[in-house]
Amino acid sequence: MGVADTIGLGRLSSGGADASVSGLDAPGLYTEVQVTRVALDTTSWIDVVEGLVPGADRLHRELLDGVPWRQGRVWRYERWIAEPRLGAFQKGPGRHPQLAAVEEWLAGRYRVGFDGVALAHYRDERDGVGWHRDRELRWLDDTIVGVLTLGARRPWRLRPLAGGRREADDLRDVVELQPRSGDLLVMGGRCQADWLHTVPQLRSRCPSRVSAQWRWTSQRGQRDTQPGFFAPRHFSR
Ligand SMILES: O=C(O)CCC(=O)C(=O)O
């Protein structure tokens, strides 16, 4: 059994990954933030933006209290089961102003547009999302997926799709990030085509975490029409 390649956020800039400073100005965010690019392979990458959102724990509480969280369902093991997390979606003027600011920051840096922001609430350690790619984007060859963490710090893992099916505790080839409240991860390039990601359920106690997710596809390349074994089924969105 291999050990995950854990990237300790906070030390990334000295770890050999490419780093740049973003001076993009979006109201309600820190302006001069470090963006560290981790090359997963030659065509897939993940940018780590540490501490983009000031007052992230307050934003976490405001979303917990103010969002109409819904229980989604997934088709697993030949039956519908409750998805182990709650979900919501915000767009346009319905977005929390700080989430609108993050969206503006993402749009400015990556020169793409988003339809809105999906939210997930992991209530405790029993909630999580399994290994998957964001196949609902359909065109996976060139995508941008931003994920903001608010609340608890939990393992956030990626591994190459080419590794095939694995036991949950088989951490060979796994890249583990541990984003803190206010950190933004941005997956890009062929990440949704060639890499899986997960926020695993945990054995030890873990308080609430909310993630906010923005997704964009260039719609270039081949359209993905065959949901495979790893495809998530987000019927609730
Ligand atoms: O909550 C996260 O950080 C990741 C969520 C995710 O991967 C998804 O909903 O597709």
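**Close-up views of a predicted model**

**View 1. The open sheet of nine strands.** Read from one side to the other, the strand order is E2-E3-E4-E12-E9-E14-E7-E6-E5, and the pairing in this open sheet is antiparallel. Strand E2 (18-22) and strand E5 (70-76) are the edge strands, each of which pairs on one side only. On average, and with direction ignored, neighbouring strands of the sheet are turned by 30° against each other.

**View 2. Helix H1 on the sheet.** Helix H1, which covers residues 56-66, packs on the sheet and touches strand E7 (117-122), strand E9 (143-151) and strand E14 (209-217). The direction of H1 makes about 90° with that of E9.

**View 3. The pairing of E5 with E6.** Strands of a sheet pair through backbone hydrogen bonds, in either a parallel or an antiparallel manner. Here E5 and strand E6 (residues 79-90) run antiparallel and are joined by six bridges. Within this pairing, Arg 73 has Ala 82 of E6 as its bridge partner.

**View 4. The chain as a whole.** The secondary structure comprises three helices and 14 strands, and 33% of the 237 residues of the chain count as buried. Among the contacts in the chain with a separation of 6 or more, 77% are accounted for by residues 24 or more positions apart.

Technical notes: Residues numbered from 1 in each chain as written. Predicted model: local features only at pLDDT ≥ 70, side-chain atom pairs only at ≥ 80, totals over all residues. Helix = DSSP H or I, 4+ residues; strand = E, 2+ residues; numbered from the N terminus. Buried ≥ 20, exposed ≤ 12 C-beta atoms within 10 Å, placed from the backbone. Contact = placed C-beta atoms within 7 Å. Pairing = 2+ DSSP bridges. Axes fitted to C-alpha atoms, helices over the stretch in contact; angles between N-to-C directions.
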